[in-house]
Amino acid sequence: MGRGSVSRSIRFPVTGHETVLDAISNINGLPVMSSPRRIWVARKNPGHPGPDNVLPVDWKAISEMGATNTNWQLMPGDRVFVQSDPMRRFNTNLGKMLEPIERVLGATLLGGQTVNTIKNGTTVIR
C-alpha cells in the first residue's frame with residue numbers, strides 16, 4: 001500500500017503517556033487536507049533491522065466513539081502519519097493548474113465587455 005509523501009513534520013517531546021489523540025490535538029486537530037481514514041503510527045523494531053511496524057489508526061472510532069484500541073500510546077521515536085485525502089489533493093492540484101487560465105480568460109472577457117460597453121454606450125445591469 002503506497003503511503004504518499006510527507007509534506008509537513010512537527011516534533012514535540014514524548015514522555016510515554018501521550019496517545020495518537022494527544023498528538024493530533026497538539027497540532028490543533030487534523031489538517032484540512034487530511035484523510036481521517038489514512039492515519040497510522042510507524043514504530044521502529046528495537047534490535048531488529050528492517051521495516052517499521054505500521055499501527056493503523058481508526059480516527060473516527062477514537063474521536064467520535066471514544067474507542068481506545070487504536071489510540072496507540074506513543075513512544076519516543078514513533079511517527080504519526082496523516083495522509084492527505086486523494087480527492088482533495090486532486091482538486092487542489094487541478095485548481096493550481098487552472099487558476100492562471102481562469103485569470104487570463106477572466107481579464108480577457110472583462111476587457112472585451114468593457115470595450116463593448118464603451119462602443120455601444122450602454123450599460124447592462126444584472
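Here is a quick briefing on the predicted model shown above.

The protein chain has 3 helices and 3 strands, and along the sequence they run α-β-β-α-β-α. Helices here are DSSP runs of H or I with at least four residues, strands are runs of E with at least two, and both are numbered from the N terminus. Residues are numbered from 1 along each chain as its sequence is written, and side-chain values use heavy atoms, with hydrogens and water left out. Since this is a predicted model, local features need pLDDT of at least 70 and side-chain atom pairs count only at pLDDT 80 or more, while totals for chains, interfaces and linings use all residues.

**Whole chain**

- Buried residues make up 18% of the 126 residues in the protein chain. Buried means under 20% relative accessible area, exposed means over 50%, and partly exposed is in between, using a 1.4 Å probe and protein chains only.
- The protein chain exposes about 9,700 Å², with carbon and sulfur atoms supplying 58% of that. Accessible areas come from the Shrake-Rupley method with a 1.4 Å probe, and for residues only the protein chains shown count as cover.
- Take the contacts between residues at least 6 apart in sequence: 64% of them join residues at least 24 apart. Contact means heavy atoms within 4.5 Å.

**The nonpolar core**

- The largest nonpolar core has 10 residues: Val20, Ala23, Ile24, Ile39, Val41, Leu55, Val57, Trp59, Ile62 and Leu74. A core of this kind is a set of buried Ala, Val, Leu, Ile, Met, Phe, Trp, Tyr and Cys residues joined through side-chain atoms within 4.5 Å.
- Two or more core residues come from each of H1, S1, strand S2 (53-57) and helix H2 (59-65). H1 gives the largest share, 3 residues.
- In soluble globular proteins, nonpolar side chains tend to be buried together.
- Beyond its neighbours within four places in sequence, Ile24 is in contact with Gly29, Leu30, Trp59, Val80 and Val82.

**Salt bridges**

- A search of the whole structure turns up 3 salt bridges. The cut-off is a side-chain nitrogen of Lys or Arg within 4 Å of a carboxyl oxygen of Asp or Glu.
- Arg43 and Asp78 pair through their side chains at 2.7 Å, N to O. Arg43 is in strand S1 and Asp78 is in the loop between H2 and strand S3 (79-84), so this pair ties together parts that are 35 residues apart in sequence. Asp78 counts as buried, at 17% relative accessibility.
- Asp52 forms a salt bridge with Arg79 at 2.1 Å, N to O. Asp52 sits in the loop between S1 and S2 and Arg79 in strand S3, so the pair links parts that are 27 residues apart in sequence.
- Asp52 also meets Lys44 in a salt bridge, at 3.4 Å, N to O. Put together, Lys44, Asp52 and Arg79 are linked in a network of salt bridges.

**Thr19 and its partners**

- Thr19 lies in the segment before H1 and counts as buried, at 17% relative accessibility.
- The side chains of Thr19 and Asn71 are joined by a polar contact of 3.3 Å. A polar contact is a pair of N or O atoms within 3.5 Å; within protein, one must be able to donate a hydrogen and the other to accept it, and residues adjacent in sequence count only if both atoms are side-chain atoms.
- Leaving aside neighbours within four places in sequence, Thr19 is in contact with Asn71, Trp72, Gln73 and Leu74.

**Surface and loop details**

- Met97, Leu98, Ile101 and Leu105 make a nonpolar surface patch of about 390 Å². Patches are made of residues with over 30% relative accessible area and no salt bridge, with like charges joined within 9 Å and nonpolar side chains (Val, Leu, Ile, Met, Phe, Trp, Tyr) within 5 Å.
- Met97 is placed in helix H3 (residues 86-120) and is exposed, at 55% relative accessibility.
- Met87 is also found in helix H3, and it is exposed with a relative accessible area of 59%. Met87 and Met33 are 54 residues apart in sequence and 9.3 Å apart in space, C-alpha to C-alpha.
- Asn28 has a positive phi of about 65° although it is not a glycine. Most residues other than glycine have a negative phi. Asn28 is in the loop between helix H1 (20-26) and strand S1 (34-43), and it is exposed at 76% relative accessibility.
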